[in-house]
Amino acid sequence: MFNASLKQLSLQLAEKKISSTELTTEFLKRIKALNPEYNAFITVNEELSLAQAQAADKMIAAGQAGPLTGIPIAQKDIFCTKGWLTTCGSKMLSNFVSPYDAGVIERFNQAGAINIGKTNMDEFAMGSSNETSFYGPVKNPWDHAAVPGGSSGGAACAVAARLAPAATGTDTGGSIRQPAALCGISGIKPTYGLVSRYGMIAFASSLDQGGPMAKSAEDLALLLNVMTGFDPRDSTSLQRDVEDYARDLQKPLAGLRIGLPKEYFAEGMSKDVESAIEKALDEYRKLGAQTVEVSLPNAPLAIPVYYVLAPAEASSNLSRFDGVRYGHRAKSYGDLADMYRKSRAEGFGAEVKRRILIGTYVLSHGYYDAYYIKAQKLRRLIAQDFAEAYKQCDIIMGPTTPTVAFNLGEKSGDPIQMYLSDIYTSAANLTGMPAMSIPVGFGDKNRPVGLHIIGNYFSEAQMLNVAHQYQLATDWHLQSPV
Amino acid sequence: MTLSVSDVKRVADLAYIEIDEDEAKETLIQLSGIFNLIETMQAVDTSTVEPMSHAQSVVQRLREDAVTETDQRELYQSIAPQVEAGLYLVPQVIE
């Protein structure tokens with residue numbers, strides 16, 4: 001049951017071999033037993049989960065079940081969930097029981113899915129190791145000395161450790177793909193605008209995008225079918241025809257042109273990662289694809305550009321946390337400004353403060369053109385590089401991360417080293433392109449390696465096809481640490 | 001570009017985050033490193049490039065000027081740090 005795909009679980013529920021209440025109870029038991037070790041969940045609420053399961057069982061009995069009805073899904077604690085503590089990994093929101101549901105939560109509720117718990121994450125999604133969480137670090141199920149990645153570290157751990165059949169994540173600079181790679185699971189950040197940001201606590205609004213994390217590309221397709229769709233409450237939500245993201249899964253890959261950016265196969269990638277990626281590319285050649293070298297000359301600037309734009313947007317978004325309407329308020333203070341200053345100093349952790357300060361600085365008078373506008377210009381050059389590359393290929397591949405999972409504590413004192421673990425992933429956020437990671441083997445210390453697949457805008461169905469065909473020919477995605 | 005402790009304090013003040021001398025010194029070291037990384041942007045000539053503010057070039061949607069929200073004041077204020085008579089309380093601002 002714990003290793004079953006979403007399709008298998010759905011079939012078992014439809015054939016009444018198991019009820020959603022039984023399935024949910026089994027996962028809750030597993031979380032209760034194993035979460036103290038992993039720390040993948042911040043909040044578990046058996047009562048609320050089981051009430052949803054009972055409702056799902058009624059839907060199934062009434063013949064109203066969809067593909068996800070009755071299936072437990074772990075929700076990242078960045079999605080506002082009515083009646084649930086929603087902390088975003090921060091002390092600032094450690095008392096915030098959301099009065100409303102995020103668009104993504106509404107969609108899962110309408111589909112009859114079960115919220116099995118809220119997953120741990122880096123504070124306000126700012127981090128690549130889950131170590132900035134107010135609720136403590138998460139362990140990598142493959143090696144408890146290693147980080148799970150971040151910011152969706154709890155989500156990746158929950159899926160890899162089989163504490164949940166699937167999970168949601170969000171990705172601003174790599175926060176779905178990097179932890180998916182480090183925990184040996186599959187995850188996709190869709191094209192910007194496909195998944196509603198309503199009720200998804202904002203970090204950097206022009207980069208943030210929600211997406212699913214699961215054991216396989218096939219599962220991701222089913223989850224995307226539920227998660228995506230127009231939401232008028234999100235001003236950047238795209239109005240498009242409804243798609244079935246599973247429609248192309250079975251297509252053969254003969255003739256597929258895979259672009260390999262030379263900048264991503266240069267120094268910086270460790271030998272063990274390179275070897276696993278090369279083997280995966282050989283498998284793709286066996287499946288009939290051809291590889292072509294492409295160039296993304298401005299790609300190395302993605303990290304500096306990202307660390308201007310993301311903090312700039314964050315400094316604006318996080319100004320709402322002032323201790324007036326909700327969230328943490330300092331116990332003692334003088335005037336109003338002092339209340340703001342103390343509440344924010346106490347409520348935010350070191351990394352969040354650092355990014356607010358960077359953002360405030362680059363937006364301040366006299367520096368705006370030199371940093372913010374400069375970064376926006378480079379953002380365009382990076383997007384143009386991708387547009388050029390897609391003239392020579394259908395899809396782009398490379399490593400998701402330069403190394404396998406690092407040790408807990410190894411980089412937490414060095415922000416720049418931490419930032420560089422998103423060196424391959426942040427460009428897809430700057431351009432808004434869809435990108436995913438799938439497991440393709442193991443590197444040093446038997447820690448997982450992820451293959452990064454970047455698609456052109458709205459090519460999710462094709463990317464999932466490309467990932468699924470690989471997963472039909474290999475079994476890396478079926479391997480589990482537990 | 002060289003940052004100073006007083007720059008860090010000024011920015012913290014703009015961001016409404018209380019910071020003491022030791023924290024400001026520690027933050028200065030880290031921000032200086034991050035700005036060294038950011039400075040690598042300046043190597044590329046972008047004089048003829050238009051800034052890109054957003055991933056998708058879409059226009060702002062408009063909607064009918066109609067009431068879409070219902071009154072949920074009690075629910076929303078139930079999670080506020082301090083309310084009285086339907087108002088959010090903060091330290092006195094006007095003398």
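## How do we know that?

Student: What share of the 95 residues of chain B counts as buried?

Tutor: It's 14%. A residue is buried if 20 or more other C-beta atoms lie within 10 Å of its own, exposed if 12 or fewer do, and partly exposed in between, with C-beta atoms placed from the backbone. By the way, this is a predicted model: local features need pLDDT of at least 70 and side-chain atom pairs count only at pLDDT 80 or more, while totals for chains, interfaces and linings use all residues. Residues are numbered from 1 along each chain as its sequence is written, and chains are lettered from A and ligands numbered from 1 in the order in which they are written.

Student: How do you know which elements chain B has, and in what order they run?

Tutor: DSSP runs decide: a helix is H or I over at least four residues, a strand is E over at least two, and both are numbered from the N terminus. Chain B has three helices and two strands, in the order α-α-α-β-β.

Student: What makes chain B more spread out than a compact globule?

Tutor: Compare its radius of gyration, taken over C-alpha atoms, with the globule rule, 2.2 Å times the number of residues to the power 0.38. For 95 residues the rule gives 12 Å, but chain B has 23 Å, well over that, so it's more spread out than a compact globule.

Student: How many residues of chain B are in contact with chain A?

Tutor: "In contact" means C-beta atoms, placed from the backbone, within 7 Å. By that test, 41 residues of chain B touch 54 residues of chain A. H2(B) gives the largest share of chain B's side, seven residues.

Student: How do the residues on that side of chain B divide by kind?

Tutor: Ala, Val, Leu, Ile, Met, Phe, Trp, Tyr, Cys and Pro count as nonpolar, Asp, Glu, Lys and Arg as charged, and the others, Gly among them, as polar. That gives 28 nonpolar, ten polar and three charged.

Student: Why is the pairing of S2(A) and S3(A) called a pair?

Tutor: Two strands pair if DSSP finds at least two bridges between them. Strand S2 (residues 72-76) and strand S3 (residues 114-119) of chain A have five, in the parallel sense, so they pass. Within S3(A), Asn115(A) is the bridge partner of Ile73(A).

Student: And in the open sheet of eleven strands, why do S1 and S8 of chain A stand at the edges?

Tutor: The order is S1-S3-S2-S4-S6-S5-S10-S11-S9-S7-S8 (chain A). S1 (41-43) and S8 (290-294) of chain A each have a single partner strand, so one side of each is left without a neighbour in the sheet.

Definitions and conventions:
Two residues are in contact if their C-beta atoms, placed from the backbone, lie within 7 Å.
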